[in-house]
Amino acid sequence: MNYRTGDIDSRRLVNLYKEHISDVSSTNYPGVYPGQNYEWDLDDFKNVGGGKRLRECTNSLEQRQKNLKVDFQYATNEHVEFDLVGVDASIANALRRILIAEVPTMAIERVYIYNNTSVIQDEVLSHRLGLVPLYIDPRLMEDAPADYQTQSTDRNTVVFSLNIACSEREDAAPGETDPEKLYHNSNVYASDLEWVPQGEQVKLKEDPPRAVNPKILLAKLRPGQEIAMEMHAVKSIGRDHTKFSPVATATYRLMPHIQLLKPGDRYDESKRRVEKLEMANMEQAERFRDAFQEGVIEIKKERGKVFVRVKSPRRDNVTRRILELPEFDNMVRLGRVRDWFIYSVESTGQYPAVDLFHVSTNVLRQKVRNLKAEAERLQREWEGTRDRARDGSCWAQSGEVNVDPTLPEAGVPPLSLRLDHIYQRAAARVAAKIDDSNPTYHRLPQKYRNRPINHNPIIPPLPITPIQRKRTFPTVPTKSPIDLLLSTVPTDIEIASPGHILDPWRPDIQDKGYRERFKVSPAVKGISKEEAAEAHRKHIARIANDSRAIVVYTDGSLIHDGGHNRAGAGWALYTKGIERAIGSTGLGTTAEVYDAEMTALSKGLRCAIDFFTNTHSYHIDTHTSIFLFSDNTSAVRSISSAAPGSSQSESQDFLEVARGFLDGHPQASINIEWVPGHRNITGNDRADEIAKAACHLEPQTPKTTLAHYYRTVKKSLVDAWKNAWTETPRRGNYAIADRLPPSILGSYPFRQYDRATLGLITQVRTGHGHFGEYYQRFNIPEPYDCPCGAVIQTRTHIIFECPQYDEARHIIYTAAPDGHIGTLLGTKKGIDGLAVFLRQTKAFRKPPTPTPTSPPPPLAEDDPAS
C-alpha cells in the first residue's frame, strides 16, 4: 500500500523534530475533530478503495469516510507483515495483546515421569517439554478441564509418550569422539515424542499431532541412561502461561512520513511541499540519501538536474539523522502516521502466520459482543422492563437459550429472541393501529400522534394522574414504558384503522346489490401456471372483441439498487387489444412488493375510471366492464377487504372509488382476476416492465409500510438467531452435526422428510438413539457391544465400519466422500445419503423384544399323554 506524502491529513501525523516530538495525543474520540459531521454510516466506514491511493479530505462528509484497510505485504507460514490502517492505537494494541496472550493453542501441561536417569532434573526437563510448540489444531479440541484427574477425555487431552534409552554402538570406529557416532540415542529430540491416539482422535492419523520443529534438543544421554514418561497436552491461552502463546514476536510500528520541502517561507509549509526536491549536485543528493536507511530515498536525473524523492518511507526507522545536517535545514519534515500500523508477526508454528490476524480479530469481536451483552444486561436490570416483559412460568421453565437441540431443528428460536420479535410487532400495532378513542393514544410521544382526530364525542377519560410530590433527592431521568416500546418503530410508519372504513349505513362491496357486478377471482388450486396462462389468453381473446371492455394489467416490482431494496408499481390499460395508457409510481426503500401490487391495483382502477370518464364512447355506454389483472394472488384477495394491515389505505381508496363508480353506473362491472406471471402474456409483461422502471422513482409521500417493518423485524430475528448460533460453542455429540444455520421454517431434514425418517435422522445426528454408545453414556441396562463383535457400538462404527451394513456402505461414501461423520450428519447431501442408508438397512433401530410365553400346565397323573 503506497501513498503520496501530500495525501496525508496533517491531523493524522505525529511530528518529529530535532530534539522533541509533538502532536502525540489522540482526540477523546479517535478520528473525530470539532465542527464536522460524524454520523455513523457503515458504507462510509468501510469505503475500501479497491487499490486506489489512501485519501483523506477535510470536509465533513469525506473526513468520516476514513479508510479501514488491511494490506498484507508478504506472508509465509512462519512470518507475516501487514499494514493496518484507519484504527486508533488502542485497537491496534488490543490486537497485539490478543495475539500474544489470548489466541488458544495446545501445549504439554502435565508430565508423568516413570524413569529419568539423565543428568537433567525432572523439573527442568518438564519445563523444556512444556515449551515445545505442538502442531495440533486447537479448534478440534475443547478447553482444558477444570479437574484433570476426573474430567480428562479424548476431546480435551492429547497424550504423548517418550521412551528412549542410550546404548553404545558396536560399529563405532576406534578413537571416535563424536557422541552421535559412538552411541545410539545420544541426543533426545522433539521428534522422539510419540503421539498416543485416544478414542475419537484416531481420525487425526492422516495429520497426526507432533512437534512443530522436530530438531528441538530436549536432553543428552549416555550409555545406561534412559527416559520413560507420559505427557498430556491441553488447550489454553498465553495469559495462563507463555508456553500457550502462538507467536514468537508480535510487534507494530507507525508508518514513517517524510515530506520534502522546497526553499521558501519557513512558516508556510503548505506551498512548499513537493514530491521531488532539487539538489545542487550529485554529492549533495547522495548525502541526503545516506541520511536515511537504504531504499528510502532515490536519486533521479532529469534534464541535467539532480532530484531526490521518497521511494519507500516504510523502510525508514526515523533516526532523525537528516535533521542534524545543517545543509538540509528546513528541507524535510519527518513524522509518523498515527493510525497506520506496520505489523510484524512471527508464528511459533501452531498456526500459519497469515491466519493469526484473522483469529485475533475474531477474539476481539467476541470480546466486544460480550461487553455489549453485559452492558445491555445492566441496562435491562436498571430499567426493569425486560424483567416485567418476561415474567411468567414459561420463562422460568424455558430459560435464556435453547438447551434441546431439537428446538432449532423444528424452527423454534431462543426464547429471548422470540420475545424480542413479539415485542417489536406489538410496538407496531401500538404506533399504527390505535386512534384517539383509546386512552393510550394520548400517552404516545407527539411524533407518533399523526393520525387525523376522529372527534369522537365519547372519549374514555384518562387515568387520574397522582400529584407529583417534591423529591428531596436527585433522580435519574428515565423513559416511559411506551417510549421504550416504540423505540424500534419508525415515526413514518403507515397508519392502519382497526374499525370499519366506511359509514355503516352504506352497503358493503360484498353485499347482494354489488355481488354480480364486483367479482374477485384469485388463483385456483390444482391448476398449473401453464394451464392458467392458456385459459387467460382465450379469455383475453374474447374480451378483445368487446368494445365495452377496459383491461388493466397491474404489477409490482422490487429491485436491489444501491444497497437497498426499492419498490415500484406500474399499470397498462388496453382496449380492443391496443395499449391506451400507462402509469407508474415509486414506493421507495421502505415498502415491499405486496405494497407495490396493492398500489398498482388501486391506481390501475383509477386509471380505468379516468379513461372511462374522458372517453366519449365509453361514457355513453354504461355497460362498460373493467377487468383488472394482477399476478399476485394475495393482493387480489386483499384489495377489496380493507383489513387493518399493510397498504390498507390503498385498499380503502380502491373500495371508495369502486363503490362510487358502481353507484353512478348501475350497469357497469368490475372484475379483479389473477393472471400467471412471466408466461409471455403481453399485458402482464408490459406492466412488469413499467413497474421495474418505477422502482427508481422517488415516492410522493414516503412512508414505512407495515409489511416492510414486519419483514425487517423478522429479518432481525433470523440474523440475531444465526449470530447467536455462530457464536455458541459446539458441545456434545450434536456438535459435529450442528453445521446447518437455523431457520424459522425448520431445519433441512425437518422440512424434507416424513416423521418416521426424521425421527431416525434426529436420533443419529444428536447421538440419542438405540446403540451401545448411548446406552453406556446414560447407564441404560442394554448391551453396549455390537453384534459384529465391536466392544462399543458407536454411531461411527455403525455407519462406517460394521460389516452388517457393508452392502449399503457405498451410499454413505457417495454422500460423504471424505469419510467424515461431520460431512454426513451436517450437510444436506450427507443427510440425504443418511436417509437412504437408514431406509435400506435396519441400522439404529431397536430390535423387537421377544414376547415371553407361559409354560404349559403340568399333566395330570391320569392323563393319557403321561
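## Ground rules

Residues are numbered from 1 along each chain as its sequence is written, and side-chain values use heavy atoms, with hydrogens and water left out. Since we're looking at a predicted model, local features need pLDDT of at least 70 and side-chain atom pairs count only at pLDDT 80 or more, while totals for chains, interfaces and linings use all residues.

Let's start with an open sheet of three strands, ordered 17-19-18 with antiparallel pairing. Strands here are DSSP E runs of at least two residues, helices are H or I runs of at least four, and both are numbered from the N terminus. Two strands pair if DSSP finds at least two bridges between them. Strand 17 (276-279) and strand 18 (297-302) sit at the edges with a single partner strand each, so one side of each has no neighbour in the sheet. From one strand to the next, the twist averages 35°; axes are lines fitted to C-alpha atoms, for helices over the stretch in contact, with angles from 0 to 180 degrees between N-to-C directions.

Strand 18 and strand 19 (residues 305-310) are joined by six bridges, and Glu-298 has Arg-309 in strand 19 as its bridge partner. Lying across strand 17, strand 18 and strand 19 is helix 7 (residues 282-290), which runs at about 160° to strand 18. Contact, by the way, means heavy atoms within 4.5 Å.

## Cysteines without disulfides

You'll find zero disulfides here, a disulfide being a pair of cysteine sulfur atoms within 2.5 Å. The sulfur of Cys-786 has its closest cysteine sulfur in Cys-788, but at 3.5 Å that is too far for a bond. Cys-786 is buried at 3% relative accessibility, and Cys-695 is buried at 0%. (Buried is under 20% relative accessible area, exposed over 50%, partly exposed in between, using a 1.4 Å probe and protein chains only.)

## Salt bridges

The structure has 28 salt bridges, each a side-chain nitrogen of Lys or Arg within 4 Å of a carboxyl oxygen of Asp or Glu. One of them pairs Asp-339 with Arg-12 at 2.8 Å, N to O. That pair links distant parts of the chain, 327 residues apart: Asp-339 is in strand 20 (residues 332-347), and Arg-12 is in the segment before strand 1 (13-16). Both Asp-339 and Arg-12 are buried.

Glu-374 and Arg-377 also pair up, at 2.3 Å, N to O. They're three residues apart in helix 8 (residues 353-383), so about one helical turn separates them. Glu-374 is partly exposed at 35%, as is Arg-377 at 30%. Elsewhere, Glu-81, Asp-83 and Arg-314 are linked in a salt-bridge network.
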